[in-house]
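This briefing describes how two parts of one protein chain meet. Please look over the sequence and the model before reading on.

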Amino acid sequence: MLDEARALDAADPLALARQRFRLPDGVIYLDGNSLGALPVMTPGALSRTAEREWGNDLITSWNKHGWIDAPARIAAKLAPLVGAKPNELLVADSTSVCLFKLLAAALAARPGRATILTERRNFPTDLYVAQGLADLLPGTQINTVDRADLGTAIVDDTAVLYLTHTDYCSGERHDMRALNEVAHENGALTIWDLSHSAGAFAVELNGSGCDLAVGCGYKYLNGGPGAPAFLFVAEHLQDDLRSPITGWMGHAEPFAFAGDYRPAPGISRFLTGTPSILALAALEAGVGTFDGILMSDIEAKSAAMTQLFIDEIEARCPEVTLVSPRDPAQRGSQVSFSHPDGYAVMQALIARGVIGDFRAPNIIRFGFAPLYNRFEDAWQAADALAEILSTREWDQPRFHARQKVT
Ligand SMILES: Cc1ncc(COP(=O)(O)O)c(C=O)c1O
């Protein structure tokens, strides 16, 4: 009921965090799992970096305004959100490039083992990166199994278990701790893609024994379209792993301009080239939206909001089928339903100002960002969906025409 949703908003310890974002009037934004909303501080941070720092101080800004330290500085702010130590994270590149770097490093650290173990429904970029790397490294095998078979598929030849923590389509979470344990008992390393986990709920990278991880900066971290990604290397592994892209920023002494590559100590060896300072300025403002926020509050609100949404939809929309787990502990901060005409249904919702997205072949996805979404948003979105489905409002030619980005 709408009144109940409003009462939950009134009691929400995170309610004030919504003011940290610039959300357009008349829009219910449920796509922060694809592109986080614009933080209020971001336009100012971008213009300060461009006009004052770049404009006035030019190249002296690398030292004067700490540009050179930005990848490590932002990583240190991000570390508590994902249960890592500040020196175990680095902000760099895109998620796909970070996956490549860590997967290549992990394979090299397990000589004599040839197999990358992953799951069939892993995000396509994760699969494609593994396929490209296997082409470069003759003898490397990719074992792609169903989710349920992962535990038993980890064997003597497994070099690395390579998974996305929260499934992009269903929102289902893996039990990271249990899979890390099985992998380690069998001598394999683990790589987790946290793109749909970081900032959505409390992640415990060290607490659950992860070796390596990557994640997106532009989803729940609110870093802006195409924001730099992050990578995690557990402290005890850092000296044994090497980046396959040995650029000068990962050198022990980049400004010695030596002729031979020598990796920097610690996580910095995973840097490659000159970072995009404008992109980092936006990411820093995005990560800043978590200042003073308890991840336990984020997790509790995510579970309650997604539950309210599921309950309302299941009570009122017999036309759709829940694809996400019912148990909130197994669910990320998103809810997915299937509908045979999911694309058109989502377009009709967007036309009414309720923004989610569609994933082929038939999934409509709704992401709930606990910092700025309200319980009322969940109720209003369910109400709009119920109306669109019962009146078949979605069944118009304009809603069936596919655009490039779905
Ligand atoms: C699980 C996962 N990994 C990676 C990516 C994207 O990678 P990139 O930032 O390199 O485009 C996405 C994008 O949606 C994703 O869902």
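Contact here means heavy atoms within 4.5 Å, and by that rule 35 residues of domain 1 are in contact with 24 residues of domain 2. This is a predicted model, in which local features need pLDDT of at least 70 and side-chain atom pairs count only at pLDDT 80 or more, while totals for chains, interfaces and linings use all residues. Residues are numbered from 1 along each chain as its sequence is written, and side-chain values use heavy atoms, with hydrogens and water left out.

**Domains**
- Domain 1 covers 2–39 + 294–400 and domain 2 covers 43–288, with bounds that come from an automatic or database domain assignment.
- The centres of domain 1 and domain 2, taken over C-alpha atoms, are 29 Å apart.

**Buried area**
- About 2,100 Å² is buried between domain 1 and domain 2, and carbon and sulfur atoms give 53% of that area; buried area is the accessible area (1.4 Å probe) that two parts lose on being put together, summed over both.
- On the side of domain 1, Pro39, Met295 and Glu299 lose the most area to domain 2, together 24% of what that side buries.

**Salt bridge**
- The rule finds one salt bridge across the interface of domain 1 and domain 2, a salt bridge being a side-chain nitrogen of Lys or Arg within 4 Å of a carboxyl oxygen of Asp or Glu.
- Glu299 forms a salt bridge with Arg173, and their closest N and O atoms are 3.4 Å apart.
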